[in-house]
Amino acid sequence: MMLSEMSIFDESKLREISGGDRSFIVLVLDEFTRSGHECLERLREAAEHGDSEGAHQLLHTLKGSARTVGAEEMGELAGRWETRVQQEGLGSIATCLQELEQAWHRLMIHLDEQREAA
Amino acid sequence: MRILIAEDDPVSALVLRRVLEDLLHDVDHAASGHEAWKLAQTSPYDVIVSDWMMPGVDGLELCRLTRSRLEGAYTYFILLSSKSEREARIEAVAAGVDDFLAKPVDTAELEARLTTARRILNMQDELRTRSAKLSQTTGYLETANRRFSDLFMGLPVPSITFDTEGRIAEWNRAAQSLFDLDADEVWQRQAVEVFADPDDLEWAESLVQRSIGGQCIENEERTVHRPDGSPRYVLYSTFPLKNNAGRIIGVVCTCSDLTAQRNLEKQLAEQLRVANNLNEALEAGKEELALANARLAELATTDGLTGLKNHRTFIEALEPSLAYAKRHREPLSLVLCDIDHFKHFNDAFGHPAGDALLREFAALLSCHSRTEDLVARCGGEEFAILLRNCGRENAIGVAEKLRAVIADHEWDLRKITASFGVQTLVDFEVPSIEAIVESADRALYASKQAGRNRVTHAADLHSVEAGKKAA
């Protein structure tokens with residue numbers, strides 16, 4: 001599936017897991033926001049330090065948490081870069097960071113809109 | 001179940017925890033593999049659900065560490081991963097992973113996997129319980145085996161087992177001592193070679209075959225020579241060993257050592273033989289001794305020259321004869337006689353002729369006396385005759401007869417006569433021996449005084465003396 005075809009966020013997964021428990025969904029999304037942000041910060045640091053192993057690990061974590069909450073575009077992007085960093089190292093890490101930060105920005109806007117709508 | 005989540009992604013951990021708690025499990029979370037291992041060591045978990053990729057100790061390493069714990073209950077290990085490569089999964093299974101779950105976790109699939117985990121853990125528990133029981137039973141068996149082995153080895157009766165091929169399997173200390181062969185020397189050797197001497201193999205072969213055939217052999221005795229050549233007397237008994245199915249798998253053989261007993265019997269028999277020989281010798285000696293004693297007694301009571309009783313024997317015979325006569329109120333007479341002019345005879349013809357005269361004189365006295373009369377030589381040419389149950393007249397008659405026999409006898413060298421003195425007990429008042437002898441002697445002296453070759457009774461002597469006193 002093309003990235004452009006993926007939804008930014010699919011809330012059905014969290015609803016299914018929590019049985020529609022809104023407070024739990026909020027708790028998970030807050031944690032995702034915090035840890036995802038931290039993950040991107042640390043990825044930037046790893047890139048600066050040329051730590052491809054650390055970068056790979058962080059991309060793996062970001063991929064897992066994004067998929068878990070239903071942030072499909074973010075999860076797919078992190079997964080692709082995870083594979084690429086593992087295969088090629090940090091050669092394209094600047095592009096990676098740029099794409100991920102853009103995707104993260106879109107996701108945060110989407111989640112804010114959703115919160116406001118709720 | 002107690003479940004540990006090992007997950008460095010807090011979001012995944014949060015969601016997973018929620019799912020598991022909804023399924024009523026007791027859940028802990030460790031944010032790294034290292035932390036998870038520390039928790040698992042302090043309190044073991046039924047299930048560990050671990051992410052694969054974690055910094056430091058990753059999921060595989062955590063699984064290996066978990067499996068390295070030898071003790072305690074089994075932990076079911078589920079690895080969370082998006083990895084689907086064949087090699088990666090093989091590596092995970094090799095590390096001890098029980099199951100895989102793809103991320104993000106599907107709730108229904110997780111529940112199904114946990115049901116499997118529960119089943120496997122129950123089976124593991126059951127296995128562990130059975131294993132513990134088996135281990136306990138094995139322990140009992142080992143203890144029983146050891147005790148039986150100790151008992152067998154320590155039995156005071158020499159005991160051996162051999163298999164159905166006749167090869168020795170067990171050999172206790174008493175058997176080592178009896179045959180003077182160590183267990184190492186006989187193990188797997190044919191029992192027949194040990195049980196009997198080379199010339200008795202037929203019997204040993206028969207014993208082994210009968211025993212393997214199921215017979216119980218009782219007390220068959222054999223002599224076996226030990227390596228040093230010393231004999232051992234052995235009493236063999238056997239009974240077959242059977243397995244649970246009743247099939248004969250070997251034989252137990254006991255070998256009682258009769259050597260000490262047999263040696264004692266031999267010793268006893270030898271001692272008996274020696275004792276019998278000694279006894280025979282003793283019996284023979286006793287007979288000789290009795291003869292010698294009889295001979296000695298004869299010599300002691302007999303006068304060497306004439307063969308008559310001697311003076312001492314005569315005096316000793318007097319007392320019981322006097323007592324007998326008094327008790328039975330029987331008359332008893334004593335005759336003393338003396339060869340007339342014997343000194344002259346000796347002087348004229350010499351002592352050998354005198355001795356010959358004495359022997360011939362004694363023979364005449366003996367020959368013409370009654371069997372019950374005691375004839376003795378009192379010394380020199382003086383003789384005495386004790387006449388039992390014989391009164392005065394009879395005594396005078398006996399003396400007179402003897403006097404006539406002597407006087408009428410045809411002597412070689414010259415005529416011989418003898419003088420006689422007689423005393424008779426009449427009132428049964430027993431005088432002393434000395435008194436009766438003295439009165440007979442006075443009567444003899446009277447005969448000598450009256451011209452010899454005559455008989456004088458002591459009673460007549462009294463009346464003559466009384467007549468002389470009265471006159």
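**View 1. Salt bridge between B:Arg18 and A:Asp21.** The side chains of B:Arg18 and A:Asp21 form a salt bridge, with 3.0 Å from N to O; the term stands for a side-chain nitrogen of Lys or Arg within 4 Å of a carboxyl oxygen of Asp or Glu. The count of salt bridges between chain B and chain A is one. The model is predicted, with pLDDT of at least 70 needed for local features and 80 or more for side-chain atom pairs, while totals for chains, interfaces and linings use all residues; side-chain values use heavy atoms, without hydrogens and water. Residues are numbered from 1 along each chain as its sequence is written, and chains are lettered from A and ligands numbered from 1 in the order in which they are written.

**View 2. Contact between chain B and chain A.** Chain A brings 23 residues to the contact and chain B 17 (heavy atoms within 4.5 Å). Between chain B and chain A, five residue pairs are in polar contact, both at pLDDT 80 or more (a pair of N or O atoms within 3.5 Å; within protein, one must be able to donate a hydrogen and the other to accept it, and residues adjacent in sequence count only if both atoms are side-chain atoms). On the side of chain B that touches chain A, α1(B) gives the largest share, eight residues (helices are DSSP runs of H or I with at least four residues, strands runs of E with at least two, numbered from the N terminus). That side of chain B divides into nine nonpolar, three polar and five charged residues (nonpolar: Ala, Val, Leu, Ile, Met, Phe, Trp, Tyr, Cys and Pro; charged: Asp, Glu, Lys and Arg; polar: the others, Gly among them).

**View 3. Lining of the largest cavity.** The lining has 14 residues, of which A:Thr68, B:Ser12, B:Val15, B:Leu16 and B:Val105 are the closest to the centre of the cavity (a cavity is a set of points on a 1 Å grid over the protein atoms alone where a 1.4 Å probe fits but cannot get out; lining residues have an atom within 4 Å of a point). Helix α1 of chain B, residues 10–22, gives the most to this lining, with five residues. Eight residues of the lining are nonpolar, three polar and three charged.

**View 4. Cis peptide bond between B:Lys103 and B:Pro104.** Omega of this bond is about -5°. B:Pro104 lies in the chain B loop between β5 (99–101) and α5 (107–154).

**View 5. Positive phi at B:Gln188.** Phi of B:Gln188, a residue other than glycine, is near 70°. The loop that holds B:Gln188 runs between α7 (183–186) and α8 (191–195) of chain B.

How values were computed:
1 Å grid on protein atoms, 1.4 Å probe; cavity = no way out; pocket = protein on both sides within 12 Å on 5 of 7 lines; lining within 4 Å.
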